[in-house]
Each structure stands twice: as structure tokens, then as C-alpha cells.
Amino acid sequence: MKPWHLLALPPLDEALIRSLLKPLGDRVEVRVPAARDRESMLAALPSAEIVLGDWTGKLALDGEAVAAAPWLAFVQQPSVGVDGHDLTALTAAGVPVANTAGVSAVAVSEWCLAAALSLTRKLGEADAAVRAGDWPQQGLRPRELHGQRVGIVGYGPIGVACAALFRALGCEVSYWTRTPREDPGYTDLDTLLASSDVVVAVIALAPETRGLIDPARLKQGAILVNAARGEIVDQRALVAALRAGHLAGAALDVFETEPPPRDDPLRELPGVLLSPHAAGVTSESTGRLITVTLDNLTAALDGRQVANVVNGVSPIIRRKFADSSVL
């Protein structure tokens, strides 16, 4: 049997991509687009049977891209988020899409806890003051995180890990998810936003979650931590809530536009912690991501069931033609 044609879209040097995929051996023929742009991706898709996705979302498989890939049999997304891909079109084409659920749960939950601690204890303000020669020992007025109400929006592996960490610090934790769980602490979204001292967003981006969190609905003096996607939060409303003093602060690892424009007011507002979409980027989580990705690609090539299919298509990967000589 001829090797499977694998189109690799991650934003990595081609030599590194080939090195990472070397364990797949000669069962795959690895290709990359001629350039990291949409036109080059579309030109490479007609022969692709497996696509290794781009975690930045720049080279996403929308409806036009799916139509350009008649032999596509499997999409392995090397990230938790699959936003950008047209799951409806991929499902209609019978193409399973798998992510790497859970690989960054520890890293992202730790970032959420660290961000909440930084804002409540005003670590950034204290550091800046001391560097400037000031000594505001009594003027910062930080708060303890212990005993505060923490509301988690989203309860996948990351949300579950967040709940465990915040509870370990003595916080009263509640959560909301689109699919209610049996775990204690579930509450409706309106109540969670209105009653939480700290709101942590770790929910997947989908049409029904876009603009889900209006900062004006949070209680006075609350803190917002967003490690989901920028579009989950109404960013203009967030700026307005911060400027008006309705919120005490915000920690953002994600933005509507990444990186945010130089004139984005979030860059200048006090009480805002900014991070370059790196909450889940640790050496440990990267190692887990590579392992899960290679395991799934190997399972696909072996005809075994792949893990973490998100669009309900059969997890057994089959070529779309009987005679492999057609490619």
C-alpha cells in the first residue's frame, strides 16, 4: 500500500515537523504548504488524506478548504481548541476531527490560579512600585484568595483541574457548563457571574459561546480570568467595565485579535495582566501534546480507533478510495 499523504500545517520549520513525525516511518508522505498562507494550503489539500492542523488557527479548514480535499479522511488538531475548522462541513464529508483534550489541563489551570493570585495580591503593582523606588506597604490593599467565591465557566479537563486547585486554597467554587455534570458546584450562568468574586473562563469557543460573558453581568469588584478564547468575552464591554471601576481587574491569556493591536486599550489599563496565549505552553504539556498526537496518528494508520474525536464521526479511519494508486 502506498503511504498516506499527510499535510502538516503547524507553524514550525519543515525540518522540525519531519523530525517530530519520523516515528510514523514510511507509512506517511509528509508535505507542508509552499507558504504559510491560505492559497498555499488550498493548493496542497487536493492530495491530502490526513491533515495535522495549525494550532494558531491561521490555516483552518473552512468549508472551501474541505471541498478542496476530496480524499481527506482524518484531521488531527494538535491543540484542545478546534475553532476555525468548519466541523459541519467536515462531518458532512465523513471526516473525523480529533483534538488533544486534557494535555494542557495542568498548565492552564496553574496559570489561572497564578493569575488570580497575582491580581488579588496585586503582585504586579507591588513589583512596579518597588522598582520605581516606592514602598507602598500599606497602600496596595490586596485581598486573600482564600474564602472567595470562584466561578468557573466551562468544565472540561481544564475546568475540573481549576476547581481542584482553587478549592485547595479554600475557595468556594461553582461552575457552569453547557452539559451539566454530577460534580458538586454546578449553578446557572447568571447566578455564577453575579455572585463570583473571581470568574474563570475556560470554555471552548463555539457559535453559542461567542460573546458568552458580558463583564457588566459580573458583580462589582470582581476579577475576570480568561484562558479560553478572546471571543468568549465581549472585549469592548470589558474595557468599559475596567475603566468604570466595575471590575477590580482582569487577566487575559487570549484576545479577539492576537497579538492585540498596539493601540488596544487593554495594553494601558491598570489592573490588567496580559499573557501571549501561553497559559498551556510548558515543556511538560508540549511533551504530552506530541505523545497524544503521535499516538492518534499511529492509531489512524493502524486502523485502530482514534481518541478525542469531537464531531461524532466514526473514530476508525479509512481511506476514501479502494485503489491507492489514484494519488
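In the predicted model, Leu52 stands opposite Gln76 of strand S4. This pairing belongs to the contact between strand S3, residues 50-52, and strand S4, residues 74-76, which run parallel and are joined by three bridges. Both strands are part of an open sheet of five strands, arranged in the order S2-S1-S3-S4-S5 with parallel pairing. Strands of a sheet in general pair through backbone hydrogen bonds, in either a parallel or an antiparallel manner.

Helix H10, which comprises residues 283-302, lies across strand S1 (4-8) as well as S2, S3, S4 and S5, and runs at about 165° to S4.

A search of the whole structure finds two aromatic pairs. In one of them, Tyr155 and Tyr175 are stacked, with 3.7 Å from centre to centre and 10° between the planes. Tyr155 is located in the loop between strand S6 (149-153) and helix H7 (157-168), whereas Tyr175 is located in strand S7 (residues 172-176), and the pair therefore ties together parts that are 20 residues apart in sequence. Tyr155 is buried, its relative accessible area being 3%, and Tyr175 is likewise buried, with a relative accessible area of 0%.

Tyr175 also takes part in an aromatic pair with Tyr186, which is edge-to-face, with 5.8 Å from centre to centre and 70° between the planes. Because Tyr175 lies in strand S7 and Tyr186 in the loop between S7 and helix H8 (189-195), this pair ties together parts that are 11 residues apart in sequence.

A contact between a charge and a ring involves Arg319 and Trp4, in which the charged end of Arg319 sits over the ring of Trp4 at 4.7 Å from its centre. Trp4 falls within the residue range of strand S1 (4-8), one of the strands across which helix H10 lies.

Technical notes. Residues are numbered from 1 along each chain as its sequence is written. This is a predicted model: local features need pLDDT of at least 70, side-chain atom pairs count only at pLDDT 80 or more; totals for chains, interfaces and linings use all residues. Side-chain values use heavy atoms; hydrogens and water are left out. Rings of Phe, Tyr and Trp (its six-membered ring) pair if their centres lie within 6.5 Å; planes under 30 degrees apart count as stacked, over 60 as edge-to-face and the rest as tilted. Helices (H or I, at least four residues) and strands (E, at least two) are DSSP runs, numbered from the N terminus. Buried means under 20% relative accessible area, exposed over 50%, partly exposed in between (1.4 Å probe, protein chains only). A charge sits over a ring if NZ of Lys or CZ of Arg is within 6 Å of the ring centre and within 35 degrees of the ring normal. Two strands pair if DSSP finds at least two bridges between them. Contact means heavy atoms within 4.5 Å. Axes are lines fitted to C-alpha atoms, for helices over the stretch in contact, and angles run from 0 to 180 degrees between N-to-C directions.
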